[in-house]
Amino acid sequence: MPPRSIETQCYATTFDNERNSDTLERRAALELESIKGDGLHPFPSACYQIMTMLPGNEKCVDCGSACPDWATVSYGALICMRCSGRHRGLGVKYSKVRSVTMDHWSHQQILQMLEGGNQQLNGFFERHQLSSVGQSGQDNIKKRYFTKAASFYRNGIHKHAEKVKGSGLYKGRKVYRKSCERC
């Protein structure tokens with residue numbers, strides 16, 4: 001068998017990634033369907049894989065530390081353990097914090113994490129001149145999260161996740177982004 005050309009290899013890799021992504025989204029949809037209701041559950045594995053692959057989720061949304069394993073559910077973003085303490089200090093009115101691996105999650109909270117993401121939140125903050133570049137600590141976190149803009153984002157992601165929850169079997173971020181563009 002002759003070796004593949006670069007174009008063929010790239011196409012095959014793209015096809016495999018899309019196929020794996022589709023399979024992962026189907027697994028996530030089935031996991032989410034199995035936990036619908038009022039109960040709390042460990043974070044489903046396929047949902048976890050999707051969440052960690054979201055752009056920007058490889059580092060803490062606030063300080064940039066690698067491999068965050070805590071979340072601010074209110075914003076659908078991943079944070080490090082140090083920043084999770086800072087977020088807890090804000091109070092649940094401003095930021096609800098969960099451990100991705102140790103805590104149990106509601107269906108709604110998992111959807112907020114799948115539909116949010118660190119890059120999305122940081123982009124929102126940058127558009128509202130609330131960037132954390134070169135800043136850290138509790139004062140910076142208060143500066144970002146005690147604002148009308150942050151409240152708008154919190155409410156928006158919550159409403160968006162409710163809409164996704166009511167639309168039936170989870171279809172992935174791309175589908176819901178397209179449907180929002182038409183609104």
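Colleague: What share of the 183 residues of the chain counts as buried?

Modeller: The figure is 42%. Keep in mind that this is a predicted model.

Colleague: How many helices and strands are there in the chain?

Modeller: The chain has 8 helices and 5 strands. Going along the sequence, their pattern is α-β-α-β-β-α-β-β-α-α-α-α-α.

Colleague: And the contacts between residues at least 6 apart in sequence, what percentage of those join residues at least 24 apart?

Modeller: In this chain, 61% of them do.

Colleague: Let's take α4. Is it buried or exposed?

Modeller: Helix α4 is largely enclosed by the rest of the structure, because 9 of its 9 residues are buried. Those are His107, Gln108, Gln109, Ile110, Leu111, Gln112, Met113, Leu114 and Glu115.

Colleague: What happens just after α4?

Modeller: Glycine 117 sits there with a positive phi of about 130 degrees.

Colleague: At what angle do α4 and α7 pack?

Modeller: The angle between α4 (residues 107–115) and α7 (residues 148–165) is about 110 degrees, and their axes are 9 Å apart. That angle makes α4 roughly perpendicular to α7. The crossing of α4 past α7 is right-handed.

Colleague: Which residues make that contact?

Modeller: From α4 there are His107, Gln108, Leu111, Gln112 and Glu115. On the α7 side the contact uses Ile157, His158, His160, Ala161, Glu162, Val164 and Lys165. By type, the residues of the contact of α4 with α7 split into 4 nonpolar, 5 polar and 3 charged.

Colleague: Now α3 and α6. How far apart are their axes?

Modeller: Their axes are 10 Å apart, and α3 (residues 81–90) packs on α6 (residues 138–145) at an angle of about 55 degrees. The two helices are therefore oblique to each other. Here too there is a handedness to give: α3 passes α6 in a right-handed crossing.

Colleague: Which residues of α3 and α6 make the contact?

Modeller: Helix α3 contributes Cys83, Arg86, His87 and Leu90, while α6 contributes Gln138, Ile141, Lys142 and Tyr145. The contact of α3 with α6 divides into 4 nonpolar, 2 polar and 2 charged residues.

Colleague: How many bridges join β2 to β3?

Modeller: There are 3 bridges between β2 (residues 70–72) and β3, and these strands run antiparallel.

Colleague: What is the bridge partner of alanine 71 in β3?

Modeller: Alanine 71 is bridged to leucine 78.

Colleague: One more residue, glutamine 49. Where does it lie?

Modeller: Glutamine 49 is in helix α2, which covers residues 45–53. The relative accessible area of glutamine 49 is 36%, so it is partly exposed.

Colleague: What is glutamine 49 in contact with, leaving aside neighbours within four places in sequence?

Modeller: Glutamine 49 is in contact with Leu24 and Arg27.

Colleague: How far apart are glutamine 49 and leucine 114 in space?

Modeller: From C-alpha to C-alpha, glutamine 49 and leucine 114 are 9.9 Å apart, with a separation of 65 residues in sequence. Leucine 114 is one of the buried residues of α4.

Technical notes: Residues are numbered from 1 along each chain as its sequence is written. This is a predicted model: local features need pLDDT of at least 70, side-chain atom pairs count only at pLDDT 80 or more; totals for chains, interfaces and linings use all residues. Side-chain values use heavy atoms; hydrogens and water are left out. Axes are lines fitted to C-alpha atoms, for helices over the stretch in contact, and angles run from 0 to 180 degrees between N-to-C directions. Helices (H or I, at least four residues) and strands (E, at least two) are DSSP runs, numbered from the N terminus. Angles under 35 degrees count as roughly parallel, over 145 as roughly antiparallel, 65 to 115 as roughly perpendicular and the rest as oblique. A crossing is left-handed if the near helix is turned anticlockwise from the far one by less than a right angle, and right-handed if clockwise. Contact means heavy atoms within 4.5 Å. Ala, Val, Leu, Ile, Met, Phe, Trp, Tyr, Cys and Pro count as nonpolar, Asp, Glu, Lys and Arg as charged, and the others, Gly among them, as polar. Two strands pair if DSSP finds at least two bridges between them. Buried means under 20% relative accessible area, exposed over 50%, partly exposed in between (1.4 Å probe, protein chains only).
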